[in-house]
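Notes below, in the order I looked things up.

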Amino acid sequence: MFFLIAGSFVSAGDILYKSLNPNNFEHEALGPIPTLVRYFSSHRANSLALDEQWDFLSMMFDGVEGIKVAAVNCGKFHSFCYKMGVSMTPQIRLYNQSGVSIYDGGMSHESLARWTTGLTGARPKELPFALRKPNGRVFKELINKTHCVFAMFYNPSSKGDSGFLEAMRKVADAFRYDDRVEICAIDTDLYKFFNWDYDLTFMPDCRLWCKDETDPIKYEGHKTADDLIDFINDYCGTMRGLNGRLHAEAGVIDEVSQIVEDFITKGRRPQYISDMEQVEGTKYYVTVMKEVIEKGESFITEERERLNKLLDSNQLSPDKIDEFQIRVNILSVFAQYLDE
């Protein structure tokens, strides 16, 4: 299994936590560094359900000073786990100099990280997942603080649902740097309470929570990434494409098109700049007009070409990508009148 993190793939097979056994437990878990230990059984479904979340938690604390993450397979070391007082799995304990703390909370990596930080002070790394898989508490937090939250409720045992997950990953990738939108895929077998809390009957069930709408909006369109992105754009005021870039219309102000046309076709007079400055949000339009007066119309095509090369370089921050795409869009408005 692979997870998209900050634009790169991390394999769940790349174990970042320490595997414990009776021979190394005392040295690894009972030393001076606080150690978070998961007791699990590879033959118990409810124990295995935590695998993904434990991988995420390990990534969050990988390389962080003052904490270690480990696990004991009680299916393999049953007698040892019984000796340690573990009769049911999964069980999570934190071992530190002051003693042992047993975890009793939600099994999401966010909840586990919050508990660990509270006891140790160790600060986890942020994992900017493209596709979020929150528990109930985190999901409500996302709805409260985010302009738009699009959620797919699914059952992993359904082949149709698993196929739809691929489209959801593409959608999440498209919006991964847009702080107005969160994309979630919620496993209703792992978090069964979602079924009752949200009256779920048929899977997959897709809904959009938007700050501008009183109630969540149910999605009933085609289950393709393009259609899902269009749906989110329509309700959330975003203008993303499948590649994550802003649409060609982003940043373009229709009401100033006539000013642009007159400026290019009727002479580059300062009056047109004054007219443009009267319209809100036209700062870059004005910049382009001043550059054209100083350097000539070649500035439009040359600057657009330069920005497109930077956009294709994959070396820009998300904010710069959006900023430069909007500049390209505005330059294109000017460019369309050059040959007329």
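**Ground rules.** I'm working with a predicted model, where local features need pLDDT of at least 70, side-chain atom pairs count only at pLDDT 80 or more, and totals for chains, interfaces and linings use all residues. Residues are numbered from 1 along each chain as its sequence is written, and side-chain values use heavy atoms, with hydrogens and water left out.

**Domains.** I checked the domain assignment, whose bounds come from an automatic or database source. The chain gets domain 1 (18-120), domain 2 (136-236) and domain 3 (254-336). I noted 37 Å between the C-alpha centres of domain 2 and domain 3.

**Sheet.** I took helices (H or I, at least four residues) and strands (E, at least two) as DSSP runs, numbered from the N terminus. Two strands pair if DSSP finds at least two bridges between them. In what order do the five strands of the open sheet come? I read 3-5-4-6-7, with mixed pairing. Strand 3 (18-20) and strand 7 (99-102) are the edges, each pairing on one side only. On average, neighbouring strands are turned by 30° against each other, direction ignored. Strand 3 and strand 5 (residues 68-73) run parallel and are joined by three bridges; in one of the pairings I looked up, Lys18 has Ala70 of strand 5 as its bridge partner.

**Helix on the sheet.** Helix 5 (residues 109-120) packs on the sheet and touches strand 4 (35-40), strand 6 (91-96) and strand 7. Contact here means heavy atoms within 4.5 Å. The direction of helix 5 makes about 20° with that of strand 6. For axes I used lines fitted to C-alpha atoms, for helices over the stretch in contact, with angles from 0 to 180 degrees between N-to-C directions.

**Helix 3 with helix 5.** The axes of helix 3 (residues 51-61) and helix 5 come within 9 Å and cross at roughly 45°. That makes the pair oblique (under 35 degrees is roughly parallel, over 145 roughly antiparallel, 65 to 115 roughly perpendicular, the rest oblique). Residues meeting there include Trp54 and Phe56 from helix 3 and Leu112 and Ala113 from helix 5.

**Helix 13 with helix 14.** Are helix 13 and helix 14 roughly parallel or roughly antiparallel? Helix 13 (residues 298-311) and helix 14 (residues 318-335) pack at about 150°, axes 9 Å apart, so I logged them as roughly antiparallel. Among the residues in contact I listed Phe299 and Leu307 of helix 13, and Phe324 and Leu331 of helix 14.
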